[in-house]
Amino acid sequence: MSSEPKAVVEVTAKDVQGPGVVACPNPKMALWSNHPRVFIDVATEGEGKCPYCGTVYRLKAGEKLHAH
């Protein structure tokens with residue numbers, strides 16, 4: 001089995017919600033492939049992987065997160 005991610009989504013600081021997280025599934029995903037909404041931490045290491053679908057959310061190079 002491959003450990004390659006299913007998809008990689010680059011996110012900007014504007015896409016990040018609250019305490020450095022993004023929601024998966026994202027609005028661009030097909031309705032048939034929805035799973036329960038989870039919040040993926042991208043602030044800690046610059047990327048995070050969805051435990052349901054394997055999509056990796058990666059902070060775009062050069063993006064800086066600001067405290068709210």
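The following exercises, with worked solutions, concern a predicted model of a protein chain.

**Exercise 1.** Determine how many helices and strands the chain has, and state their order.

*Solution.* Step one is to count the elements: the chain holds zero helices and five strands. Step two is to read along the sequence, which gives the pattern β-β-β-β-β.

**Exercise 2.** Identify the residues of the largest nonpolar core and the elements that give two or more residues to this core.

*Solution.* The core has 11 residues in all: Val11, Val16, Val22, Cys24, Val38, Ile40, Val42, Cys50, Cys53, Tyr57 and Leu59. Two or more of these residues come from each of strand 2 (21-24), strand 3 (38-41) and strand 5 (56-59). Leaving aside residues up to four places away in sequence, Val22 touches Val11, Asp15, Val16, Val38, Phe39, Ile40, Val42 and Tyr57. As a general principle, nonpolar side chains in soluble globular proteins tend to be buried together.

**Exercise 3.** Describe the largest pocket by its volume, its lining and the strand that gives the most to this lining.

*Solution.* The volume is about 280 Å³. The lining consists of 13 residues, and Val9, Val11, Asp15, Asn26 and Pro27 lie nearest the centre of the pocket. Strand 1 (8-11) and strand 2 are the elements that give two or more residues to the lining; strand 1 gives the most, with three residues. Sorted by class, the lining has seven nonpolar, two polar and four charged residues.

Technical notes
Residues numbered from 1 in each chain as written. Predicted model: local features only at pLDDT ≥ 70, side-chain atom pairs only at ≥ 80, totals over all residues. Heavy atoms only, no water. Core = buried A, V, L, I, M, F, W, Y, C linked by side-chain atoms within 4.5 Å. Buried < 20%, exposed > 50% of the residue type's maximum accessible area, 1.4 Å probe, protein only. Helix = DSSP H or I, 4+ residues; strand = E, 2+ residues; numbered from the N terminus. Contact = heavy atoms within 4.5 Å. 1 Å grid on protein atoms, 1.4 Å probe; cavity = no way out; pocket = protein on both sides within 12 Å on 5 of 7 lines; lining within 4 Å. Points joined across faces, edges and corners; volume = space filled by probe spheres on them. Nonpolar A, V, L, I, M, F, W, Y, C, P; charged D, E, K, R; others polar.
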